Amino acid sequence: MPLPDILVLIVFIVVYYTMAVGKLPGLSADRTGIAMAGAFVLLAVGSVEVEALPEVIEFPTLLMLFVLMLLGAHFAAANSFNVLSQWLSYRADRPRLLLAGVVISSGVLSMVLVNDIVVFAFTPVLCMALIRQGLDPRPYLLALAGAANAGSAVSLIGNPQNILIGSVGGLSIQAYFLLTIVPVIIALAVVYFVVSWVWRHQLQQATMIRYWEDSHSADRWLFIKSLLATVILIVLLVLFSEHRYQIALGVVLVLLLGRVIKTDRLLREVDLPLLVLIASLFVVTATFSALPMTGSAVSYLETQGWLPDRLAVLIPFSLIASNTIGNVPAVMLLLGVTEDLSVVTLQGLALFSTLAGNLLLTGSLANIIVAERAASQGIKLGFIDFMRVGIPVTILSMIPAAIWFSWATGMRW
């Protein structure tokens, strides 16, 4: 193997190893830092030309993700998440009703906003509200993460990997929604019942409701404006999904030209590390995909019938890859090394890679964000906490989803 190809392979292994474990021993750089460093190495040695970046990086995906982050930033600026968490906490005397409220809120919000944005904004304010009410926040935070993953599975704008799949495949937002709404509703119900059972002792500890004055009251006009923009965005995306980028840009443009929020405040709400991570992975994955050995490996898998064009391969791939390297890198890797995936296969990849993200803490960025944001509030959510809930949630949601998908699409096992 030529030396440049060996270097590409080493960079690929190091970057995707970091995606799985979080960071490299002895270094402070996280997933984003290592992925960015890997992309820089490949650019510096000429494995990928700077002039080729527009072809390598899927800029429409980054653009859609950035636009949706700006939309979520308007809700955050209106203090919508603060008010919602406070309203939920006033159900502290009925913990199971409070849990249902968290599941519904997180699931529905993640259907229309990127789930990473939802949990990033929602986690700290929910923690503070629950602590004030004297409740253990852990079951509610696990429900928040599980519902965010499950809810986002119904939408091609619900999470980064679905945005990418919808962009690359040109999938219809309406058709995908109608195909996946039933298994997603089942998955949300599964999240509620599993958390209720696993954390049943904590959820029996009702408390007297403590009311307090919150200085972060909602900006009603900004909230109504943001909500109206979201409704218009959804309606237009459903009717004219082939023009999704122009529609998203137009709707957010109207919000940006408002007189209430300064641009720098909105940009502080944008998850820049996530955008850099995805852009860097595009570079690393595309360079690896261009290696002759990669093409040979894919050809071999195809002759053995191991490509993910049937459920018996697609579901194990989603479970294993999503919970090792993460669902976003897993989708990028699969799309990078395989060509001409059918619409049904892409739809299945979007659904199952997202539902698989509930299995372990490492399964999705949303899980990691919830754990890290909770830790900043002094609440520890460990690997075991996620696993106790995640394993039954994933099994009980993937089985009916697979049966439904096979029946609805005719995809073979």
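On a 1 Å grid over the protein atoms alone, a pocket is an open set of points where a 1.4 Å probe fits, with protein on both sides within 12 Å along at least five of seven lines. Its volume is the space filled by probe spheres set on the points, which are joined across faces, edges and corners. The model is predicted, so local features need pLDDT of at least 70 and side-chain atom pairs pLDDT 80 or more, while totals for chains, interfaces and linings use all residues. Residues are numbered from 1 along each chain as its sequence is written, and side-chain values use heavy atoms, without hydrogens and water.

The largest pocket has a volume of about 610 Å³. Its lining (residues with an atom within 4 Å of a point) has 23 residues, of which R31, L365, I368, I369 and E372 are the closest to the centre. Helices are DSSP runs of H or I, at least four residues, numbered from the N terminus. The largest share of the lining, seven residues, comes from α19; α1, α2, α7 and α14 are among the helices that each supply at least two.

Elsewhere, helix α18 (residues 343–355) packs on helix α20 (residues 383–409) at an angle of about 170°, with the axes 10 Å apart. Axes are lines fitted to C-alpha atoms over the stretch in contact, and angles run from 0 to 180 degrees between N-to-C directions. The two helices α18 and α20 are therefore roughly antiparallel (an angle over 145 degrees). Contact, meaning heavy atoms within 4.5 Å, involves residues including L351 and F352 of α18 and M398 and F405 of α20.

Methods. Parallel < 35°, antiparallel > 145°, perpendicular 65-115°, else oblique.
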